[in-house]
Amino acid sequence: MRTADRARELPESGIRKFFELAEARDDVISLGVGEPDFSAPWAARNAAIGGLERGRTSYTANRGTAELREAIAAHHERYDQSYDPGEEVLVTTGASEAVDLAFRTLVDPGDVVAIHEPSYISYAPGVELAGGEPLSVPTRAADDFALTPERLEAAGAAEADLLVLCYPNNPTGATMTDEQLAEVAAFCRENDLRVVADEIYSALTYGADHASIATQPGMRERTIVVNGFSKAYAMTGLRLGYALGPADAIDAMNRIHQYTMLSAPTTAQIAALEALRSCDDEVTEMVEEYNRRRRLVVSRFNAMGLDTFEPGGAFYAFPECGGDDEAFAEALLEAEGVAVVPGSVFGAGGEGHLRVSYATSMRELKEATDRIARFLAERD
Amino acid sequence: MEAEREVLDVLARNAREDIEDIAAQTGLDAERVEEAIASLEADGVVHGYQAVVDWDRTEEGKIRAIVEINVELDRETGYEQVADRIAKFPAVDALHLVSGDYDFAVEVLGGSMNDVSRFISEQVAPMPEVTQTVTHYIMETYKDGGVRFADGDDDDRLSVSP
């Protein structure tokens, strides 16, 4: 069957190759997983079951249930973000749909979209599908993978129309402070850039609280904040996310949403509402456990000579492996059965690094890092 | 106390963690971890280190029972004195004073149901303060010490994902 050029020409995800290599073996410890190893809090699951039992299987309002939008708006006050649940919140099928809607709403054909890299793999293809032109803005290990006005300037982002910002970051675990975001915000204001801020990992920070560019002066009106329940509440398979932003932009996003998804899954919305109402303690416990694993993994990598900066958020470490990261990851999988994802898959700035997810049990992390140490020792 | 608390969180999950790994997980140096453990032990916060055992998987097995005990106290004898006597029996694995319909909840370990029954009827029931015992034999243990007794760790996530 003839397929559309834009679909045919989309590159295959670099992750797919490693997925297939890892799937071919049955003895693999995978540190390549971009989702929590916890299950969604029981109260949230139980609420979803209760909803099904009561027959709550109909569509909801396009924008999501009023209760959930109110709960989302209230929840975001913890990040000093204030949004009207009636007009400035849109519930979506995963944060991925929110990102896609934001691109399709904000990008006209030929618009240039600056994406700091290394970063989540879906942004550039999403921009292309929206008719835009992705512009890679590499960040550096030397800056702890923070985005700076200098990096934006050097990449030519002053000419861009939109900036995609993802902190805490997948794959680096990097976070940005209010002070650092203030500099990026100034660049955006000076050059009239709008922003899509993917803050899906906002609940998973270690030490410092999450900072959002949307709270910088003059940025709320030019920023779509994307978030969701997948990472903080371990609800990846329930596919529930949302977007926060100015009413006119959210209204435009909702117009696309109503013709494509109609509404996010009702059962997932019920689970999400309960998660916001009663599952803070579970999130805290998960964050504490990730934090212990984070410290162990970073400490072990540094001890074995793989330089690793201290990630401030998400659940990834991003050690330097030196040289060809793809070859390193393949050889490691072949020799020791440990799956990691090469940093170059995530774009410029990721070369020579590995994405290591510590969303796996402490026992497996210890075994996997022991195997990596053995791999390095035998390679030398 | 923050350091002690962090060390305690790690030990409560796995008492066999070595000092270096505890240091890595807590961000403390090894010397501070050792100090914290010594302090936790000296203060009686940590009383000991035990394995969480699924006795049903051992060859000889063990019978566990939860025994409710009611007591009648007098001017000379309080809960502490009764508890002290009961706790001395090696068969008593755990002993709690509880609120509700009875006074003590006792976990008893024995080689057989007969062992446990004999212990209760010959050693505990005859104590002058004990007015009633109710024994519940544990048929199956699904979770103990915070550890779920199940086959393996099911992980249905994709091995590599974005």
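Modeller: A crossover is right-handed if, with the strands pointing away from the viewer, the path from the first strand over the helix to the second runs clockwise. Strand 3, helix 6 and strand 4 of chain A make a right-handed β-α-β unit of this kind, where helices (H or I, at least four residues) and strands (E, at least two) are DSSP runs numbered from the N terminus. This is a predicted model, in which local features need pLDDT of at least 70 and side-chain atom pairs count only at pLDDT 80 or more, while totals for chains, interfaces and linings use all residues. Residues are numbered from 1 along each chain as written, chains are lettered from A and ligands numbered from 1 in the order written, and side-chain values use heavy atoms, without hydrogens or water.

Strand 3 of chain A is mostly covered, with 5 of its 6 residues buried (under 20% relative accessible area; exposed is over 50%, partly exposed in between; 1.4 Å probe, protein chains only). Strand 3 of chain A pairs in the parallel sense with strand 4 (residues 133-138) over 6 bridges and with strand 5 (residues 162-165) over 3 bridges; pairing requires at least two DSSP bridges. A:Ile115 stands opposite A:Ser136 in strand 4 of chain A, and its bridge partner in strand 5 is A:Val164.

The loop between strand 3 (112-117) and helix 6 (123-129) of chain A holds A:Ser119, which counts as buried because its relative accessibility is 2%. Leaving aside residues up to four places away in sequence, A:Ser119 touches A:Cys166, A:Asn169, A:Asn170, A:Pro171 and A:Phe346 (heavy atoms within 4.5 Å). The side chains of A:Ser119 and A:Asn169 are also joined by a polar contact of 3.4 Å: a pair of N or O atoms within 3.5 Å, of which, within protein, one must be able to donate a hydrogen and the other to accept it, residues adjacent in sequence counting only if both atoms are side-chain atoms.

A:Val164 also links this region to A:Phe103, whose contacts beyond four places in sequence include A:Val164, A:Tyr123, A:Gly126 and A:Val127. A:Phe103 is among the residues with the most contacts inside the largest nonpolar core, which has 95 residues (buried Ala, Val, Leu, Ile, Met, Phe, Trp, Tyr and Cys residues joined through side-chain atoms within 4.5 Å). Helix 5 (residues 94-106) of chain A gives the most to this core, with 7 residues.
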